[in-house]
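Dear colleague,

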Amino acid sequence: MKKIIFTEKAPAPIGPYNQAVLVGNMLYTSGQIAINPLTNELVLEDIETETKQVMENLKTVLEAAEMTFENVIKVSIFISDMNNFSKINTIYGAYFNEATAPARETVQVAGLPKNVNVEISAIAVR
């Protein structure tokens with residue numbers, strides 16, 4: 001019933017969790033941060049580059065489950081500074097068709113893993 005989704009094209013989990021879990025037609029992804037899966041290094045040049053890396057990581061996890069951003073129905077965005085919202089939103093928005101974009105919340109948090117500035121998770125359905 002529960003299928004673990006893993007791809008070497010996204011950062012490997014660094015704890016007791018998986019990149020994503022598929023249950024029936026529903027995919028639940030773990031939060032992605034801006035780790036380059038080829039170098040295992042953080043990509044923190046600027047908020048736009050960081051957000052793009054996060055979205056690319058999420059994209060590869062979706063692809064490993066044979067899905068795309070069109071399958072995404074819900075997104076959670078966690079950011080360390082709401083002043084970055086506009087820049088994050090611009091990069092994020094480029095990955096979705098606005099007419100069919102998923103539901104979403106964006107929350108400012110006190111801290112994120114490895115002191116990154118943005119973390120994004122998604123729920124998708126086939």
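Predicted model: local features only at pLDDT ≥ 70, side-chain atom pairs only at ≥ 80, totals over all residues.

Residues are numbered from 1 along each chain as its sequence is written, and side-chain values use heavy atoms, with hydrogens and water left out.

Helices (H or I, at least four residues) and strands (E, at least two) are DSSP runs, numbered from the N terminus, and two strands pair if DSSP finds at least two bridges between them. Strand β3, residues 26–29, runs antiparallel to β2 (residues 20–23), to which four bridges join it, and L27 of β3 is the bridge partner of L22. Two residues lie between the strands of this hairpin, where G24 takes a positive phi near 60 degrees. Strand β3 is also joined to β8 (residues 118–125) by three bridges, again in an antiparallel arrangement, with V125 as the bridge partner of M26.

The serine, S76, is found in strand β6, which spans residues 72–79. Because its relative accessibility is 12%, S76 counts as buried (under 20% relative accessible area, with exposed over 50% and partly exposed in between, using a 1.4 Å probe and protein chains only). Leaving aside neighbours within four places in sequence, S76 is in contact with E105, E119, I120 and S121, where contact means heavy atoms within 4.5 Å.

With regards
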